[in-house]
Amino acid sequence: MSKAVFQRILSGTALCAVLGAVVTAPFGAWAQTNERGGMWSKLRLTERFLTRDTTSPDAATDGITNQAVTALDFTFFTETRTEKLSFDFGGEYRLTDGPTTDGLEGDFMSPNLRLRYDQVAADASIMAMITASQVDLADVSPLSVTDSSGEALATDVSGLTDGGTRTQLGFNSRLTIRDDAPFGLAFGFLVNDISYADLPAGSTLDESTTARADVTGRFDISPVLQARLGAHYSYTQTDGAPQTDRYGITAGATLTRPNGAYSLAASHADGDGGGISNLSVGRSFVLPQTETNVALGVARATDDTLFMTGSASFEHDFGQGSALGPLTLSADRSVTLTGRSNEEVISSLSLASSYALSPVANLRLTAELGQAEEVATGDTVTLSEVGLSLGYAFSRDWRGGADIRAKRRDPSDSAATESTTFGISLSRSFETRY
């Protein structure tokens, strides 16, 4: 890791820590006086062996990669009648032998940390969360086309399976007041910093910092009709480019019915490079074992081009006596800004289902498809992944598994990159309640 990247991570972490302390400090003394509630911690150790076969336009990365991964995940959670505090930490040590390594090489990978605090009172609530994570771009899911601040990443990734890491540091907070009144307010603030290391030659990924502040008013017109009106401001600083400032408004309404709800939403964002507008209507259906959400809309891009947008989700629970687990389907199409002046049409489709082979064995199938199209140029990147995994519980604490995953990244301006990964794993959990 270069000195510049290390300094960027340190400065970003310090900024997020200061922001978290400022927001949560006024509530710390009150937390110590509240009655004691549930408190537990969980430690999970996992050993995973995998082999990946990659075919890409870069012949230097073609071939078989073998890895032995030792992963650690730790969670601490405490809850009182009105408060929750959770701390999550994880990371893994990888021994890798592949086309891009000189023999067997070891490295600490994928560290992640999350600290979250929630407090709920009769008429107000607060949430503050600090996150830090680093991922290998070869492990990015096709549906991970946006980062935690909503900025699109898919068309920026020039070599998704060719190596490189992405580090994200974030702070997110939200405060609501007058929750028990017909009129309430919500204030939000987030900071997200993205940096990269060990990228392949020719990568177009840019490091950036994004900040966003918003305020939303809630109006309870009747017991079943609620309206919202909000405003927001954001800026993005990207390496090698001027700062991008954007501001906008949002509005919406929800009508609750016995079997679901009707919704209407509109938004407009403007600033450097032009504006973007969205309008959509939605309907949800809630049945005893099924929940369906559908929304259709239209988006106007900076060049006044109109795009049809929409989203749909379906979840069905077959019941406790069925071997079939929950079935989920989701689809989405939206127009989003990438933090600069260009816009992208993001489309995604996913499927997940499971089947209980026995009381201790489970089979799970997942399929994901994502596509990002740049409005100005028409360039597209299509990401797809299909996975099949088998899980087996040896006991309450010991679990094993095997999985196979096929991934494809297909840019419109170059040849596709494909990989097939097979892995086996064994994990042991340690849980303590206080």
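1. A salt bridge is taken here as a side-chain nitrogen of Lys or Arg within 4 Å of a carboxyl oxygen of Asp or Glu. By that criterion, the side chains of Glu 385 and Lys 407 form a salt bridge, with an N to O distance of 3.9 Å. Glu 385 belongs to strand E18 (residues 380-393) and Lys 407 to strand E19 (residues 398-411), so the pair ties together parts that are 22 residues apart in sequence. Strands (E, at least two residues) and helices (H or I, at least four) are DSSP runs, numbered from the N terminus. Both partners are buried: Glu 385 has a relative accessible area of 13%, and Lys 407 has one of 7%. Buried means under 20% relative accessible area, exposed over 50%, and partly exposed in between (1.4 Å probe, protein chains only).

2. This is a predicted model, in which local features need pLDDT of at least 70 and side-chain atom pairs count only at pLDDT 80 or more, while totals for chains, interfaces and linings use all residues. Residues are numbered from 1 along each chain as its sequence is written, and side-chain values use heavy atoms, with hydrogens and water left out.

3. On confidence, pLDDT is the predictor's confidence in each residue, from 0 to 100. The protein chain averages 84, and 82% of the residues score at least 70. Over residues 1-6 the pLDDT is below 50, and this stretch has five contacts in the model beyond near neighbours in sequence. Residues 16-35 also stay under 50, and here the model has 29 contacts beyond four places in sequence. Contact means heavy atoms within 4.5 Å. Where pLDDT is low, the predicted coordinates should not be read in detail.

4. The chain has 434 residues, of which 38% count as buried. Among contacts between residues at least 6 apart in sequence, 52% join residues at least 24 apart. The accessible surface is about 22,500 Å², and carbon and sulfur atoms account for 61% of that area; the areas come from the Shrake-Rupley method with a 1.4 Å probe, and for residues only the protein chains shown count as cover.

5. The largest nonpolar core has eight residues: Ala 269, Ile 276, Ala 299, Ala 301, Phe 307, Val 335, Val 345 and Val 375. Such a core is a set of buried Ala, Val, Leu, Ile, Met, Phe, Trp, Tyr and Cys residues joined through side-chain atoms within 4.5 Å. Setting aside neighbours within four places in sequence, Ala 301 is in contact with Gly 275, Phe 307, Glu 343 and Val 375.

6. The whole structure contains 15 salt bridges. One of them joins the side chains of Glu 92 and Arg 94 at 2.5 Å, N to O. Glu 92 is buried at 16% relative accessible area, and Arg 94 is buried at 6%. In another, the side chains of Asp 118 and Arg 116 meet at 2.8 Å, N to O; Asp 118 is buried at 18%, whereas Arg 116 counts as partly exposed at 28%.

7. Strands E6 (165-177) and E7 (183-197) run antiparallel and are joined by 13 bridges. Two strands are said to pair if DSSP finds at least two bridges between them. Across this pairing, Leu 175 stands opposite Phe 187 in E7. On its other pairing, E7 is joined by twelve bridges to strand E8 (residues 208-222), again in an antiparallel arrangement, and Leu 190 stands opposite Arg 212 in E8. Eleven of the 15 residues of E7 are buried, so this strand is largely enclosed by the rest of the structure.

8. Which phi does Arg 178 take in the hairpin of E6 and E7? Arg 178 has a positive phi near 60° there, in a hairpin with five residues between the strands, although Arg 178 is not a glycine. This residue counts as partly exposed, at 42% relative accessibility. Ser 110, also a residue other than glycine, has a positive phi near 50°. Ser 110 is found in strand E4 (residues 105-120) and is buried, with a relative accessible area of 16%.
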